[in-house]
Amino acid sequence: MPPLLTIAQAADVLGCSRRHVARLVDTGALAADFHGLHRRVSRADVLELAKQQAEVVTTVLDGLADLTRREGLYDPF
């Protein structure tokens, strides 16, 4: 994987649309450099963002699992 990724490559890594990655760049959540008319993002930044997103998903799903167990909504097999 090259050190600089296109928006499309970053979207593939993050598992989202190119438009979402472009919005992340536009809002400053993901830094980008312009090479001509094309934006490039750092591979390290994309991988760090993917790691942060995975941590958030894990935290939310763990909380949901705890809530369902507490409320008796979880049926063990």
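**A tour of the helices and the sheet**

Select residues 7–14 and 18–27: helix α1 and helix α2 pack at an angle of about 105°, their axes 8 Å apart. That makes α1 roughly perpendicular to α2, a label for angles of 65 to 115 degrees, where under 35 counts as roughly parallel, over 145 as roughly antiparallel and the rest as oblique. Axes are lines fitted to C-alpha atoms, for helices over the stretch in contact, and angles run from 0 to 180 degrees between N-to-C directions. Helices (H or I, at least four residues) and strands (E, at least two) are DSSP runs, numbered from the N terminus.

This is a predicted model: local features need pLDDT of at least 70, side-chain atom pairs count only at pLDDT 80 or more, and totals for chains, interfaces and linings use all residues. Residues are numbered from 1 along each chain as its sequence is written, and side-chain values use heavy atoms, with hydrogens and water left out.

Now show side chains between the two helices. From α1, look for I7, A8, A10, A11 and L14; they meet R18, V21, A22, L24 and V25 of α2. Contact means heavy atoms within 4.5 Å.

Move to the sheet. It is open, with 3 strands in the order β1-β3-β2 and antiparallel pairing. Two strands pair if DSSP finds at least two bridges between them. Select β1 (4–6) and β2 (32–35): these stand at the edges with a single partner strand each, so one side of each has no neighbour in the sheet. On average, neighbouring strands here are turned by 45° against each other, direction ignored.

Next, select β3, residues 38–42. With β1 it forms 3 antiparallel bridges. Find L4, opposite S42 in β3. Then click R40 of β3: T6 is a bridge partner, and so is D33.

β2 and β3 pair over 4 antiparallel bridges. Follow the chain between them: the hairpin has 2 residues there, and G36 in the turn has a positive phi of about 70°.

Finish with α3. It has 28 residues and reaches 41 Å from first C-alpha to last, close to the expected 40 Å, which is 1.5 Å times one less than its number of residues. Zoom in on S42, which caps the N-terminal end of α3: a side-chain oxygen lies 3.2 Å from the backbone nitrogen of A44. After α3 comes G72, with a positive phi near 75°.

Notes
Polar contact = N/O pair within 3.5 Å; in protein donor to acceptor, adjacent residues only side chain to side chain.
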